[in-house]
Amino acid sequence: MKTSFRNIILGAIAFAATILVAITGYVVAGWNLLDAIYMTTITVFGVGYG
């Protein structure tokens, strides 16, 4: 049971790190923060759609 919980936590940390890196990348590329959050959200949740 502890291993499953640990895997869930590690997955959540990896997902959060990916989101933060993506937002940072968009901001460094010149996007404002809200646009960076929007673009990251539609990119992450839109992959594989259609």
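**View 1. Aromatic pairs in the predicted model.** This is a predicted model. A search of the whole structure turns up two aromatic pairs. One joins Phe15 and Phe45, whose ring centres sit 6.3 Å apart. Their planes meet at 65°, so this pair is edge-to-face. The cut-off for that label is over 60 degrees between planes.

**View 2. Phe15 and Phe45 link the two helices.** Phe15 belongs to helix α1, which covers residues 2–28. Phe45 belongs to helix α2, residues 33–46. The pair therefore ties together parts that are 30 residues apart in sequence. How accessible is Phe15? Its relative accessibility is 42%, so Phe15 counts as partly exposed. Phe45 has a relative accessible area of 64% and is exposed.

**View 3. Tyr26 and Trp31 form an edge-to-face pair.** The ring centres of Tyr26 and Trp31 lie 5.5 Å apart. The angle between the planes is 75°, so this pair is edge-to-face. Tyr26 is partly exposed, at 22% relative accessibility. The cut-off for buried is under 20%, so Tyr26 does not count as buried. Trp31 has 37% relative accessibility and is also partly exposed.

**View 4. Asn32 caps the N-terminal end of α2.** A side-chain oxygen of Asn32 is placed 3.3 Å from the backbone nitrogen of Leu34. Helix α2 itself has 14 residues. From first C-alpha to last, α2 reaches 19 Å. That is close to the 20 Å expected at 1.5 Å a residue.

View 5. Which residue just after α2 takes a positive phi? Gly48 does, with a value of about 90°.

View 6. The protein contains two helices and zero strands. Its radius of gyration is 14 Å. The globule rule gives 10 Å for 50 residues, and the value here is well over that, so the protein is more spread out than a compact globule. Along the principal axes, the C-alpha atoms fill a box of roughly 45 × 30 × 15 Å.

**View 7. Surface and burial.** What share of the 50 residues is buried? Buried residues make up 8%. The protein exposes about 4,200 Å². Carbon and sulfur atoms supply 73% of that area. Among the residues on show, Phe45 is exposed, while Trp31 is partly exposed.

Terms used: Residues numbered from 1 in each chain as written. Predicted model: local features only at pLDDT ≥ 70, side-chain atom pairs only at ≥ 80, totals over all residues. Heavy atoms only, no water. Helix = DSSP H or I, 4+ residues; strand = E, 2+ residues; numbered from the N terminus. Rg over C-alpha atoms; globule rule 2.2 N^0.38 Å. Buried < 20%, exposed > 50% of the residue type's maximum accessible area, 1.4 Å probe, protein only. Areas by Shrake-Rupley, 256 points an atom, 1.4 Å probe, with all protein chains shown as cover. Phe/Tyr/Trp six-rings, centres within 6.5 Å; stacked < 30°, edge-to-face > 60°. Expected span 1.5 Å × (residues − 1). Polar contact = N/O pair within 3.5 Å; in protein donor to acceptor, adjacent residues only side chain to side chain.
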